[in-house]
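Please load the model in your viewer and keep the selection panel at hand. The stops below go from one selection to the next, with a short account of what is found at each.

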Amino acid sequence: MLIGLLLTGGLYAAFAPASGAGEQQDDASQVAEGRKLFLVGCAFCHGQNGEGVLTADGKQQLGPTLAGVGAAAVDFQVGTGRMPAVQPGAQFPAKRVQYTQEEIDALAAYVASLAPGPAIPAESDYSTDGMTDQEKEEAIVRGGQIFLTNCSACHNFEGSGGAMPNGKMAASLRNASERHIYEAMLSGPGEMDVFSNGNLTPDEKRDVILYLQSIKEAPKYGGFSMGGIGPVSEGMFAWLGGMGVLVGFAVWIAAHTTRTSKEKVDA
Amino acid sequence: MSFDKVANTNAKTAATARKPSRGAAAVEWADDRLGLATLAKKQLRKVFPDHWSFMLGEIALWSFVVLLVTGVFLTLWFKPSMAEVEYMGSYDQLRGIHMSEAYASTLDISFDVRGGLLLRQMHHWSAMLFIAAMLVHMMRVFLTGAFRKPRELNWIIGGTLILLGIVEGFAGYSLPDDLLSGTGLRIADGLVKATPVLGSYMSFFMFGGEFPGDDIIPRLYTVHVLLIPALLLALIGAHMLLLVYHKHTQWPGPGRTNDNVVGYPLLPVYMAKAGGFFFIVFGVTALMGGLLSINPVWKYGPYDPSKVTAGSQPDWYMGIAEGLLRIMPGWETHIWGKTISWNVFLPGQIAPIVLLTMVLAWPFLEAWVTGDKRVHHLLQRPRNAPTRTAFLAAMITVYGLLWAAGGNDILAVKFHQSLEMISYFMRGAIFVIPPIVFVITRRWCISLQRHDNETLLHGYETGVIMRSPEGGYTERHLPVNEERAYKLTARDRDEVYDGAGETDANGVAAPDSRVKRLRSRLSTAMFVNNVQKPTVEELEDGHHHAEHELELEEGLDHSADGHQFDGRHSIEGEPLRGGH
Amino acid sequence: MSDNQDTLPEISTNGLPAEEPIANPGLPAHTWRPTDIDPAAEKRAERQVAALFGISMISTVLFVVAFFAFKVGDEPTVVGGFGASTVALGLTFGIALLAIGVGVIQWARKLMGDHEIVEMRHPASSSPEDREVTLTQLAQGLDESGIGRRPLVRNTLLGAVGLLGVPMIVALRDLGPLPGDKLYHTIWTKGMRVVRDVVGTPIHVSDLQIGDLLNGEPEALFPSEENGYPELSGVDSQIAKSKGAVILHRMEPSEITPSKGRENWSVQGIVAFSKICTHVGCPISLNEQQSHHLLCPCHQSTFDLADNGRVLFGPAARSLPQLPIEVDDEGYLVAQSDFTEPVGPSFWERD
């Protein structure tokens, strides 16, 4: 499997177009720093040299090999707190980030040194600098169509997340940063597919990110969105809120009103 | 039974005919031509009984009116056409996209017509409330036995109204041609295609060719705006007419019999209450339409057969069908070169028909089993019909489980469960859990009946604990007052139908004796273990017993915190706790 | 209602059958409301009702103000992150209506007469006399028509009127074309390139790396001068998409277990499958990279992309159709032919 992965990485390096303007830090000291952090926090599951660790019967992975995942994957996984994982399981939820960005960069540099892989994108890869308003609008429109074709099937129409088989889930994109979204597309974390730059070009990735931003910033045109998961929460509100309030009114209307024990004195 | 405590009017003097005013002259003009007074004289002071549960059908009625009003407004701007246009409206994220005119006009209503989004949301919310209210009203009618003779036809009309309402809702939310409802139409096409023999023909005729074509939205529009509303109006009219003719049922109680109606007159009380409730329903719908975002079609985008969203669910009233589709195993039969798709045909077409038929046929089934041919205008408390109540509880359980199955992916995400496990669980649960619920509910009703009888025979529990000199603890019971006692006994006794064992002189069994025996067995099963109300004798026995107890407790008429009875205090003139 | 009693209630059993233990005590005595007794309370209730109607009027005026004050369209007024127009119009309209409703109800409860009134019911059935008269009239009328004595007239009438249903049914024939063999073919043909959805660019073998999931379409859906495909109307495009949409996934070639005859349907580990679920037709692209299980979001049918699209779980009964692909001489991915089975939901004539 290791050979297969190295082959893949090699093929990738040979045939893939340039992966954006992000540079791999060749700084040896950063790599060394990263290795130190790696040995403390990651090697238990991923092996001393990032080669992966199998269970005793050799059938399951404790942690997969990291050769070829690239700096982008590390920046995403560690930067969203998914890694270091607390326990093995179906999926690792995003949680509190354990490392500073410097440390994450060092880890990324170390893992990148194991084998070639997707690099951390530069901010210029997904920024709108130099775009006219017209271009920005077109980018958002295109990004919306790409999002609805490639992403909403797992992540839902506004990125609220969705269910995957066997207890896994596609995460909510609401609070994800632009860089992390880019890196997730690039590196295909966990069960997520890869959307390499040959699949979705860097410009298209930028368009998707712009679209997500625009719907996040859009006003709530019609009022509270009740979770953004569609008819299920709408139905719940119709029953609990709507019917509940109306039946409450019905109870009030037909209830006995206040009575007094006094008698009416005819004037 | 004396009615001398009844007032026929609230005035103290008789009403007198006055000289006609200007308004009255107009009424006279109309009456000269239409004879309205004859019609109105019986109806103006018509009596309706008062209970909150009688207003549930009104929620449905007023929601329907709101639907009509908001719907008419929407038709002024909506374009029911699937012609391709390039969107040039105000919603930036879709500018320049090619979409159907239907979707584009929906976006225009939402973003370029003031009040348009409010109208859309009000229309959608009131549609949901319409169907929810019909269901709740149906459950109330079922639980109280209001569907019995002479109201069986009204029950059928009501069931048909629910079915029409659901179809109307589906057609309605498919009109904007957005991604979510278009996915629903795709699923509907798949359901139709699975019909044996005729499926592909039906599909092509429905869509005017292959899916999606450009005919379905205009056709659904006609159905939604013309055909079904006309049917709904006619059936609602018939439903109301029967209600007026039969008069409303009422709860048994003091002064209420099977031959009268006790309540308040239409003019002024019920006009006010019903009219006021209309404004309340309208107002609540408007508040929901303004504050709660529903069906944000701009986020879904126009329908595209290669796009989909996670968490694709239909509106809640289709959730049952969705749940059935999700948990059905993938069964298909291939015989003689043909395919029968049980996995789609059974849950999508057979199961809803079966469920609906069961519901609609219930009044006739029950009448057959019990042999009850009497006219009923008095309602039954749910506990006094344990089998019927338990049946509804089981059906609600099935409904709820299928709802949950329809949202299994949302459940999986929110509760961190495995999607597959939820589906497997539901496959078993819909068969296992309802019978359990049935049994539990029936026992619960019977125990409530027992409690009622104990209240009648032994009085109600006061919460006052007495301690006898020997050291035993008892709770003081006091008799209930006459009104409450009457209410507890104002119900029929259950009679088991006994038609079995009819043989003639030569021992030959009667020709339909098998059916009769089945009927008798069902009747027994229905009434087994029901607790009947006490007879006069039993009641008198109970009262004698109570009197005896009262005598024993005579000297103990004191507040029961206990100190007074420790033998060291005088117990003269100690008041009963709580006072009189 | 006072439950505390010193004495037992009278049980009037006069003339009652043994099964009816307690007689109907009759309507309870009427009790008054404070608004009936106390003129001050009455005035207060009146003022409450009038105030509610007043609130309604104010709210209606605010509705009109909000209608013209808050903008929609290109620069909608946004307040607190909400679209101000819809929220304000909803609030004001809702309160206007609600206030009227609550006011009218309050009026009914507090001020309108609330003596309980008794009305007698009538049987739902007609009286026996009415029934007899009606039956007689019916018999007379039918007799005069002679329909009973003239079976030839009756039967031909029934036949004629009954047949009138036929034109109405026949007229529906042109609701749509007959299916023919349309469901058996898609727009895919030999040599047609697979292109990326939305952008329409063809896909080179080297574009995809292991784990990539690409949503693709037939090139015919993106006609241009270069590729020479004819323009498609919006409707035809939608129809073609509803059968032609595909997904491409690249995995390790060794993981694929093709069935007989499909050994050359993949290219260097890249497989192409129909995107349309065989259950009821939703598009699928939820793929799990590590297990190559493809999940449909609608009803959770799961397919194995490495095993010829076999159904692993869920209500689908048929495996996902696979599109045989190869590489053209420039290295772009093209179809070898159309799908070899109908795409999408099953139907009676299939198979």
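Begin by selecting C:I117 in β3(C), which is the bridge partner of B:G263. The strand that faces β3(C) is β4 of chain B, residues 260-265, and four bridges join the two, which run antiparallel. Strands here, like helices, are DSSP runs numbered from the N terminus, with at least two residues in state E for a strand and at least four in H or I for a helix, and two strands are taken to pair if DSSP finds at least two bridges between them. Strands of a sheet pair through backbone hydrogen bonds, either parallel or antiparallel.

Before moving on, note that this is a predicted model, in which local features need pLDDT of at least 70 and side-chain atom pairs count only at pLDDT 80 or more, while totals for chains, interfaces and linings use all residues. Residues are numbered from 1 along each chain as its sequence is written, and chains are lettered from A and ligands numbered from 1 in the order in which they are written.

**The contact of chain C with chain B**

Now widen the selection to the contact between these chains, which takes 93 residues from chain C and 119 residues from chain B; two residues are in contact if their C-beta atoms, placed from the backbone, lie within 7 Å. On the side of chain C, at least two residues each are supplied by α3 (84-110), β3 (117-120), β5 (213-218), α7 (234-244) and β11 (310-313). Of the elements of chain C, α3(C) gives the most to this side, with 17 residues. The side of chain C that touches chain B divides into 52 nonpolar, 26 polar and 15 charged residues, where Ala, Val, Leu, Ile, Met, Phe, Trp, Tyr, Cys and Pro count as nonpolar, Asp, Glu, Lys and Arg as charged, and the others, Gly among them, as polar.

**Within chain C**

Next, colour chain C by domain: the assignment, which is automatic or comes from a database, gives domain 1 (34-110) and domain 2 (183-335). The C-alpha centres of these two domains of chain C lie 57 Å apart.

Then select β4, β5, β6 and β7 of chain C, which form, in the order β4-β5-β6-β7, an open sheet of four strands with antiparallel pairing. Because β4 (194-196) and β7 (270-274) of chain C each have a single partner strand, they stand at the edges, and one side of each is left without a neighbour in the sheet. On average, neighbouring strands of this sheet are turned by 40° against each other, direction ignored. At the β4(C) end, three bridges join β4(C) to β5(C), and C:R196 stands opposite C:G216 in β5(C).

**Chain B**

Buried residues make up 44% of its 580 residues, a residue being buried if 20 or more other C-beta atoms lie within 10 Å of its own, exposed if 12 or fewer, and partly exposed in between, with C-beta atoms placed from the backbone.

For a local view, select α7 (residues 179-193) and α8 (residues 199-207) of chain B, whose axes come within 7 Å and cross at roughly 145°; axes are lines fitted to C-alpha atoms, for helices over the stretch in contact, and angles run from 0 to 180 degrees between N-to-C directions. From α7(B) the contact uses B:D189, B:V192 and B:K193, and among the residues that α8(B) brings are B:M202, B:M206 and B:F207.

**Chain A**

Turn now to chain A and its contact with chain B, which takes 50 residues from chain A and 59 residues from chain B. The largest share of the side of chain A, 16 residues, comes from α11(A).

As the last stop, select α9 of chain A, residues 178-187: nine of its ten residues are buried, so the helix is largely enclosed by the rest of the structure. The buried residues, including A:H180, A:Y182 and A:E183, pack against α4 (70-79), α6 (123-126) and α10 of chain A.
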